[in-house]
Amino acid sequence: MSGTDILRVNALKVHFDVGRAPGGGRKIVHAVDGVDFTVRRGSSFGIVGESGSGKSTIAQAIMRLVPITDGSVYLQEHQISGLEGQSLRDVRGKFQMVFQDPFSSLNPRKKARAAIREPLDLLDIGEARGRDGVAEDMLTAVGLHREAGRLFPHQFSGGQRQRLCIARALASRPELIVCDEPVSALDVAIQAQILNLLRQLQADMGLSYVFISHDLAVVQYICDDVAVMYLGEFVETAPAKSLFASAKHPYTWSLMSAALSPENERGTLAKRPLLGGEPPSPTAPPPGCRFAARCPFATDRCRAEKPALRGFGGGHKVACHYAGELEPPLPELKAA
Amino acid sequence: MTAQPFLEIRNLTVELPTDSGPIKVLDDISLAIRRGTTMGVVGESGCGKSMTALAIMRLLPPGFKITSGQILLDGEDITDVPDARMRELRGNEISMIFQEPMTSLNPVFTVGEQIAEAVRQHQGLDTGKAEQRAIEMLKAVQIPGAEARLNSYPHEFSGGMRQRVMIAMALACQPRLIIADEPTTALDVTVQAQIFALMRELQQETGTAIMLITHDLGAVAEMADDVAVFYAGWRIESGPAAEILRRPSHPYTSGLMSCTPRLRLGASAAEGGAALREIAGMVPQLGKMPVGCRFAPRCTRADGYCRTNVPKDVIVGPQHTAMCWKAEEEALA
C-alpha cells in the first residue's frame, strides 16, 4: 500500500446464509460480491446505489460489524479484516462510524457527554479524568455548546443529534470515518449544515471518509472518488470529476436521469428514459451482467458473459461490455 | 384565478391545548388547489404541512382542534360536516397516500382484499365487482400479472410495488383530490421517478387534483403547478411553482433553494461547485414562537421591525403572495 492510502479493500465479499433453499442446498445473499477500492488519506470515497445494492454492508464490513466472507480490509498497515478481540480494539479508535438515523443511534438514557466519552472509556484512550474535557472539546468542534453535554438525546433536534453522533465518532481521534447515509434523515436546511460541517472537519483534522449515500448531488458535494454499486458489485468507479463529467455505465446514467432538481422544468422526468423494474434478488444473481435485465442496451452477450471493470484512463473504470460505445441519454454527458 | 378552486382552505387555525395555554400548530393558513392540478406543499419537518393534510381529512391526532377558518371542498364547507358525510367524502372525493407503504397497508390481508374493501365501503360494489375493480386498479398502476398479484400479501411486494398498491387504493374510488404525503421519500430515486411518472399519467387520465406534500424542491419542480411554502405553522409563500422556484420572494424559500445540493453533470462537473449556503439555526419550537416574524431569528435580512411585527400575506406578483416585510417593501418599490 502506498503511503498516501488510508484504507484498502481487496476483493471484499460478504455473503449471508439465510436458510435452506427450496431445491436443496443453502440460500445465500450475495450482499457484497468482490469489491476493490482504496481511500487516499484526507479524501472522501463515495459509494452510491439503490437500497439493497450492498453499500451499507460494505460500511459494516469495514467496521467489522458483519462477518467478512472473503477478501481483506487494510487500514494503513493494519489488516483489520483479520483482527479479533483486543488487537481489534487496539485499532478501533482509528476508524469510527456515523449512522443514518440519529434517533436510534444514541442511547436515550445516556447524557450527551457520556455518549461522546463512551468510546474513550471502552477503548481506554487517554486519562480517565481528562475524558469529560475531550467530550466537551468535541461538542464545540461540531458546533454545539460545551454545556450541551449535560443534556439527554431527546433534548436535541435531529440535526443536533447528528452533530452528537459526529462528535462521538471524533472522540477517539480517528483517521477514517465511515458515514452511512449521514444526512438522509435530515431536512434540507439541516442537511446543508451537516455536509458543511463534515467538509470543515475534514479540512481541519485531515480526516478521510467513506461516504455512503443514495443521493448523487450529496455525493458530488462531498466526495473525491465515487463508486456506483449495483447488486453487490461496483459497476463504475472514478474520480468524482470524471464520473459526473463523463459517466459511462448505463446504470449510472439511469441514476443521473432520475435525479430531481429545483431548476428542472415541470415534467422533466417524463421526457427522460427511465429505468423500469427493480433490482433482481441478491440470493440468485444472474450469470452475466447483473444489470442486464433492466438495461436498455443489453444484448445476449451481456446476459451470458459477466463484464469486468475496465480502465478508461485517469482511474475511471467501468464494468460494461459496451462502455465507451454507447450513446448517453443525457445531453449534458454527450457534450463532454 | 377565474375558476372556483376544487379545494380551498381559508384562514385555517389548528390548536393543541396544553397546560401553558393553546399552541397554534397551524396559524391562519390559506391555500387553494385548482381542479386537475398539482399543488406542492413544502417545508421542514414540524412546519405543519402534514397537519394541514390531516385537518382536511379530519384525521387530526387526539387533542388537536380546528379553532377557526374553513375548508371548502368544491364549494361545500367540510370543516364541521357530520362524521357520516366525512366518511362519504373520504375515498370518494379525497383520498390519501402516506409516506410509509409498509406501515399503511394491513399485513394480514391480501392487497386485492384491501383495494376491494375501499370500493365496497365507499361505492357499495358487491364482492365480485369489487375484485374486478381491484384488478383494473393494479393494472392501472402497472403491476405485472395483476390477476395473480391480487392474492399476494404486502410483504411479498417491494417498497416501490407497495407504493403502487397504495396509489391503486387511493385511486380506486376515482377521487377528485389525492393528498400524497411524501409518497416517494422512502423509495429509491429510480423508483421515485417511476412513481412520479405514474402519478402524472393517472392525473392526465382522470383529471384528479393532487396535493403533494414534500420536503424536496426538486419534486415540486417536477410535479407541481402551484406551490405553498410552510414555515413553523405559517404558509409563508404561495404561487405558481415555476415563478417561485425561479424568483422566490421569501428569504426562507430562497434559503431552501440555496441549501439544496445540485447535481452538476458534463462540463460543469469539472469545476469545483460552490459551497452550500446554510440557513443558520433551526426551526423554533412549538409554543416558543418568536413574537414578530417567525423566521426572523434565522433570516439574514431581518431587522428590528421584523422581530416585533407579524408580517402580512401580501401580493408580490401574479397569484404570488409572501409573508415578509422585506418582500412587501420590494413589491411596493
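How many salt bridges does the rule find across the interface of chain B and chain A? The rule finds two, a salt bridge being a side-chain nitrogen of Lys or Arg within 4 Å of a carboxyl oxygen of Asp or Glu.

The model is predicted, with local features requiring pLDDT of at least 70 and side-chain atom pairs counting only at pLDDT 80 or more, while totals for chains, interfaces and linings use all residues. Residues are numbered from 1 along each chain as its sequence is written, chains are lettered from A and ligands numbered from 1 in the order in which they are written, and side-chain values use heavy atoms, with hydrogens and water left out.

The interface between the chains draws 51 residues from chain B and 48 residues from chain A into contact, where contact means heavy atoms within 4.5 Å. About 4,000 Å² is buried between chain B and chain A, and carbon and sulfur atoms give 57% of this area. Buried area is the accessible area (1.4 Å probe) that two parts lose on being put together, summed over both. On the chain B side, Glu222(B), Leu263(B) and Leu265(B) supply 16% of the area buried against chain A, more than any other three residues.

Between chain B and chain A, 18 residue pairs are in polar contact, both residues being at pLDDT 80 or more. A polar contact is a pair of N or O atoms within 3.5 Å; within protein, one must be able to donate a hydrogen and the other to accept it, and residues adjacent in sequence count only if both atoms are side-chain atoms. The side of chain B that touches chain A receives at least two residues from each of α6 (159-171), α7 (189-206), α8 and α10 of chain B. Helices (H or I, at least four residues) and strands (E, at least two) are DSSP runs, numbered from the N terminus. The largest share of this side, 10 residues, comes from α7(B). By class, the side of chain B that touches chain A holds 27 nonpolar, 13 polar and 11 charged residues. Ala, Val, Leu, Ile, Met, Phe, Trp, Tyr, Cys and Pro count as nonpolar, Asp, Glu, Lys and Arg as charged, and the others, Gly among them, as polar.

Salt bridges between the chains include the pair Glu263(A) and Arg262(B), whose closest N and O atoms are 2.6 Å apart. Arg266(A) also forms a salt bridge with Asp225(B), at 3.2 Å between the closest N and O atoms. This pair crosses from the loop between α9 (250-258) and α10 (268-271) of chain A to the loop between α8 (217-223) and β9 (226-231) of chain B. Arg266(A) is partly exposed, at a relative accessible area of 34%; buried means under 20% relative accessible area, exposed over 50%, and partly exposed in between (1.4 Å probe, protein chains only).

Over all chains, the search of the whole structure finds 43 salt bridges. One of them joins the side chains of Asp121(A) and Arg131(A) at 2.8 Å, N to O. Asp121(A) lies in helix α3 (residues 112-123) and Arg131(A) in helix α4 (residues 131-141) of chain A, so the pair ties together parts that are 10 residues apart in sequence. Asp121(A) is partly exposed, with a relative accessible area of 34%, whereas Arg131(A) is buried at 6%. In chain B, the side chains of Glu330(B) and Arg301(B) meet in a salt bridge of 2.4 Å, N to O. Glu330(B) sits in helix α12 (residues 325-332) of chain B and Arg301(B) in the loop between α10 (251-258) and α11 (304-308) of chain B, 29 residues apart. Glu330(B) is partly exposed at 45% relative accessibility, and Arg301(B) is partly exposed at 34%.

Within chain A, the domain assignment gives domain 1 (5-94 + 174-335) and domain 2 (111-172), with bounds that come from an automatic or database domain assignment. The contact between them takes 15 residues from domain 1 of chain A and 13 residues from domain 2 of chain A. The two domains bury about 1,100 Å² between them, 74% of it on carbon and sulfur atoms. In domain 1 of chain A, Pro174(A), Ile194(A) and Leu197(A) lose the most area to domain 2 of chain A, together 33% of what that side buries.
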